[in-house]
Every structure is written in structure tokens, then in C-alpha cells.
Amino acid sequence: MAHSEKESHLSAKMSDLTTQTCPLVADLIDFALGRNSIALGDQVRNHLLIDNCNCCRSWIDQAMLHRTEPAPDWMQMNIGPLGHFSSSTPSSDPTPVPENAKWQRRAFRDLEARLGLLE
Amino acid sequence: MPLNPSKFLHFESWKQLRQWLPEATESQLMTVFVWAGDLKPPPGDVRWVSEIRNAAFELLVERTRERLRRFLMQRCHCSDAHLVEDLIQQVLIKLYLRGEQFDPQRSFWGWLYRIARNEYIDTLRRRRPGEIGIGQTGSDFLDHVSENQIADSRTPEGAALDEERRRLLDEAIAKLPRIQQNIVQLKPDGVSGKDIASRLGISQAHVSQLYHEAEEILWEALEGRAEPPA
């Protein structure tokens with residue numbers, strides 16, 4: 001499963017899968033760095049969430065490594081790197097999240113932010 | 001209002017500049033991209049400046065991706081397809097963020113390939129600290145050219161290939177900026193980096209940088225045009 005996810009991520013990146021609706025790469029980088037105007041930011045966010053575009057998502061993941069400050073929480077939750085856990089519990093899963101798992105998630109997010117700063 | 005991205009580029013209007021962009025060379029695109037990023041336009045021109053800058057960068061992305069992929073796989077011997085794709089994106093993001101470091105007097109491709117190689121070496125070092133030597137990433141190309149030519153020349157077919165390689169190499173050298181032509185011609189003659197620096201009036205580090213950038217371009221002229229095996 002993990003392998004096939006990785007493969008599909010790669011094929012999305014390898015092929016030039018830009019579509020008519022894909023934002024420009026410059027807009028994706030600015031979005032990851034928090035430099036977009038509000039309107040353009042909304043456009044990019046909608047594209048990522050509605051079109052679920054892995055190609056654009058990978059640009060943002062890479063550009064986020066250049067952020068000098070931690071990404072806002074909503075960005076990490078919604079458009080974090082593929083294969084990373086989601087910060088929100090899936091609504092279809094009724095299993096309560098144990099306290100230690102919540103702590104680990106916070107610590108992991110903090111670590112990611114710090115690594116981003118080091119980069 | 002006349003628009004002058006450089007000494008050699010002049011446009012009468014934003015529209016004219018926008019229409020010209022697809023015809024620009026990569027070096028010209030980079031010049032326009034950096035110029036537009038530095039502009040402080042009046043409010044009425046902000047949208048144009050942003051459009052020109054982003055369009056120039058988009059064209060650079062389109063034109064460089066395949067060549068970067070080939071460079072990383074063939075020249076740097078990077079066989080990890082995932083890593084290659086990450087590296088391409090990282091190189092282009094660096095181009096976006098540090099475009100002002102581009103010197104239009106030098107070759108765009110030599111500069112880009114050095115960024116790619118350095119990014120690859122940095123990544124390998126992070127993964128396997130202490131294990132990475134320059135030879136493992138396919139450097140020192142020009143040193144190998146003459147050795148290969150000697151080996152090839154032993155047969156008639158080899159001699160013909162040698163002749164062809166020499167022709168391609170001469171053509172590629174002739175296309176380099178003048179300063180890099182001088183360095184590439186002096187170095188194999190045994191002139192030291194220090195002497196070359198002194199003759200050209202630049203630092204030794206600059207000589208080394210220009211030489212390595214020239215190496216990448218000459219590699220592409222001789223070896224890098226062929227498609228990688230499927």
C-alpha cells in the first residue's frame with residue numbers, strides 16, 4: 001500500500017501533470033512561503049483540496065522546506081506532505097485518540113517546523 | 001513607458017514584453033525574472049509586473065525540467081527516481097528564491113547544473129555523512145575526455161568517433177562566454193588555477209567555479225543529449 005502510494009506520488013511528479021486549473025509554479029512557491037495575496041491563496045488552497053493535485057502538492061511540500069517560520073497549523077493539517085498523518089481524526093473512525101498519541105503528533109509537528117527552519 | 005530589463009533588452013510596453021517572452025533564451029528569461037522582481041512599479045503596473053515575472057519563471061520551469069532530469073541521472077549518476085524529482089523541484093525553487101545571484105555574463109546552464117550538482121551532493125551528505133566523494137557524483141569530466149579519446153583512437157571507428165567528439169567539443173567551447181573559453185583552453189595546457197586567475201584578473205575561486213560550470217556544459221554537448229535508457 002505504502003509502495004503504491006509512493007509510486008503514484010512519483011508518477012504525479014514525473015509527468016508534467018499540470019492542467020488548465022493548476023496554478024503557476026511561482027504561485028505555489030509563494031503560497032508555501034505565505035507570500036500570496038488572500039485571493040490567490042484561496043485559489044491555490046481550493047485547487048489542492050478540491051482537485052487533490054499531487055503534482056502541485058509536491059511543489060508546495062518542497063517549497064515549505066524554505067519557510068523561515070513554522071507553517072500555520074491549517075497548512076500542516078490540510079496540505080502536509082503525502083504519506084504524513086493527518087492531524088484531524090477521520091470522522092469515520094470512532095476510536096478515541098489516546099493522550100500519548102496527541103502528544104506525539106504535537107511533538108512531531110514541532111520537530112517538522114524546527115527542521116524546516118534548519119533547512 | 002519604455003521597459004529595459006537589461007542593456008540589450010528594450011520594450012515599448014508590457015504587452016510587447018509579455019508576447020516576446022516565449023522567444024527569449026533561458027538567460028534572457030532569467031534576466032527578466034530578476035528585473036521584474038526588483039521593480040517598484042506604480043500601482044497600475046503591479047499586475048503586469050507580477051504576470052511577467054511569473055510567466056518568465058513558468059517558462060524556465062518548462063524548459064529546464066527535462067534537461068535537469070537528464071543531467072542528474074546521466075551526469076551525476078543519480079538512479080533514485082524519487083530523489084531526482086525532489087532535486088529538480090529543489091533546484092527550481094532555489095532558482096526562484098535566489099535568482100538575483102544569476103550573472104547574465106555567465107552561462108545559464110552551467111550555473112543551473114552547478115546548483116543541481118551541489119544540491120545532489122548536499123542531499124547525499126545528509127543521508128550518508130562522510131561517504132561522498134566528488135568522483136561519485138560524476139565530476140572531472142574534462143579530465144576523462146582526453147583519456148577516452150586515446151583509447152578510442154586505437155581503431156578506425158574509434159578514430160572517427162574521436163574526431164566527431166573533438167568537433168562537438170570545439171563547437172561547444174566556441175559557444176561558451178569568452179572568459180570560460182579562456183579558462184577551458186588554458187587549464188588542459190597545464191596552466192595553474194592561480195596563473196589563470198592572475199592572467200584574467202579574477203580570483204582563483206572564481207576560476208574554479210567558471211571551469212566547473214563550463215565542464216557541465218561541455219558534458220552536455222558530448223554526452224548529455226541522448227535520451228536515458230528506458
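A contact means heavy atoms within 4.5 Å. Keep that in mind for this tour of a predicted model.

**Ground rules.** Residues are numbered from 1 along each chain as its sequence is written, and chains are lettered from A in the order in which they are written. In this predicted model, local features need pLDDT of at least 70, side-chain atom pairs count only at pLDDT 80 or more, and totals for chains, interfaces and linings use all residues, while side-chain values use heavy atoms, with hydrogens and water left out.

**Stop 1: select chain A.** In chain A, 59% of the contacts between residues at least 6 apart in sequence join residues at least 24 apart. Color by secondary structure. Chain A has 6 helices and 0 strands. Helices here are DSSP runs of H or I with at least four residues, strands are E runs of at least two, and both are numbered from the N terminus. Of the 119 residues in chain A, 37% are buried. Buried means under 20% relative accessible area, with a 1.4 Å probe and protein chains only.

**Stop 2: show both chains.** The contact draws 22 residues from chain A and 18 residues from chain B. Together the chains bury about 1900 Å², 59% of it on carbon and sulfur atoms. Buried area is the accessible area (1.4 Å probe) that two parts lose on being put together, summed over both. Now highlight helix H1 (2–14), helix H2 (25–32) and helix H4 (54–64) of chain A: these are the elements that give two or more residues to the side touching chain B.

**Stop 3: select Glu119(B).** Find Glu119(B) in helix H5 (residues 108–127) of chain B. Is Glu119(B) buried or exposed? Glu119(B) counts as buried because its relative accessibility is 6%. Show side chains next. The side chain of Glu119(B) makes a polar contact with the side chain of Lys94(B), at 2.4 Å. A polar contact is a pair of N or O atoms within 3.5 Å; within protein, one must be able to donate a hydrogen and the other to accept it, and residues adjacent in sequence count only if both atoms are side-chain atoms. Beyond four places in sequence, Glu119(B) touches residues including Leu87(B), Gln90(B) and Val91(B).

**Stop 4: color chain B by pLDDT.** pLDDT is the predictor's confidence in each residue, from 0 to 100. Chain B averages 83. Which helix of chain B has the lowest confidence? Helix H6 (residues 141–152) of chain B does, at a mean of 52. Helix H4 (residues 81–97) of chain B is highest, at 95. Last, select residues 226–230 of chain B, where pLDDT stays under 50. Where pLDDT is low, the predicted coordinates should not be read in detail.

Note on methods:
Buried means under 20% relative accessible area, exposed over 50%, partly exposed in between (1.4 Å probe, protein chains only).
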